[in-house]
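Have the coordinates open while you read.

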Amino acid sequence: MFVSTEWGRCNWAKKADGKEIKKIIMDERGFWPSVVYSLKTTNPLVEVLRIVDGEQSPTMALIYVAMDECKEKIAKNFDNEVSSYKEIWDIIDEKWEHQMHRDLHAAAYYLNPQFRF
């Protein structure tokens, strides 16, 4: 968009805000790697949110499985290079431990043969 002749003729291209946005978007070393990182980490998380926010109320055991699968997908998206996904895993684990993880829910997951075998 920013390299097109249409952008060059657009009023926004001449304004300071338009120039600043173009500079940000065209920075291949900063902006686009951040976009790729965001997509690789948020897509699996959105899948979990869809399960949790669906019409059927999932059991905590299903949410445990979904979160495990989510983390595995994130790792796979980064070719299992721990340094690439460790930061997001730490954030997920912190939120999970403080808000969702309860002994009763963990026991329900552990004792459910559907998830163990």
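Helix α6 gives the most to the lining of the largest pocket, with seven residues. Helices here are DSSP runs of H or I with at least four residues, numbered from the N terminus. The volume comes out at about 290 Å³. The points are joined across faces, edges and corners, and the volume is the space filled by probe spheres set on them.

Before going further, some ground rules. This is a predicted model, so local features need pLDDT of at least 70 and side-chain atom pairs count only at pLDDT 80 or more, while totals for chains, interfaces and linings use all residues. Residues are numbered from 1 along each chain as its sequence is written, and side-chain values use heavy atoms, with hydrogens and water left out.

Which residues touch the most other members of the largest nonpolar core? They are Met 67, Ile 74, Tyr 85 and Trp 96, out of 14 residues in that core. A nonpolar core here is a set of buried Ala, Val, Leu, Ile, Met, Phe, Trp, Tyr and Cys residues joined through side-chain atoms within 4.5 Å. Helices α5 (60-77) and α6 (82-100) each supply at least two of its residues, and the largest share, eight residues, comes from α5.

The cut-offs are under 20% relative accessible area for buried, over 50% for exposed and partly exposed in between, with a 1.4 Å probe and protein chains only. Setting aside neighbours within four places in sequence, Met 67 is in contact (heavy atoms within 4.5 Å) with Val 48, Ile 92 and Trp 96. Its C-alpha is 8.9 Å from that of Pro 44, which is 23 residues away in sequence.

Ile 74 has a list of its own. Not counting residues up to four places away in sequence, Ile 74 touches Lys 40, Thr 41, Pro 44, Leu 45, Tyr 85, Ile 88, Trp 89 and Ile 92.

On to the rings. There are five aromatic pairs in the structure. Rings of Phe, Tyr and Trp (its six-membered ring) pair if their centres lie within 6.5 Å; planes under 30 degrees apart count as stacked, over 60 as edge-to-face and the rest as tilted. Two of the pairs are tabulated here.

| Pair | Centre to centre | Angle between planes | Type |
|---|---|---|---|
| Phe 2 and Trp 7 | 4.7 Å | 80 degrees | edge-to-face |
| Tyr 37 and Phe 78 | 5.4 Å | 50 degrees | tilted |

Tyr 37 lies in helix α4 (residues 31-52) and Phe 78 in the loop between α5 and α6, so this pair ties together parts 41 residues apart in sequence. Tyr 37 is partly exposed at 25% relative accessibility, whereas Phe 78 is buried at 10%. In the other tabulated pair, Phe 2 is buried at 11%, and Trp 7 is buried at 11% too.

Lys 15 lies over the face of Trp 12 at 4.7 Å from the ring centre, and Lys 71 lies over Trp 89 at 4.5 Å.

Most residues other than glycine have a negative phi. Asp 79, in the loop between α5 and α6, has a positive phi near 55 degrees and is exposed at 68%. Asn 80, also placed in that loop, has phi near 55 degrees and is exposed at 53%.

Methods:
Lys NZ or Arg CZ within 6 Å of the ring centre and 35° of its normal. 1 Å grid on protein atoms, 1.4 Å probe; cavity = no way out; pocket = protein on both sides within 12 Å on 5 of 7 lines; lining within 4 Å.
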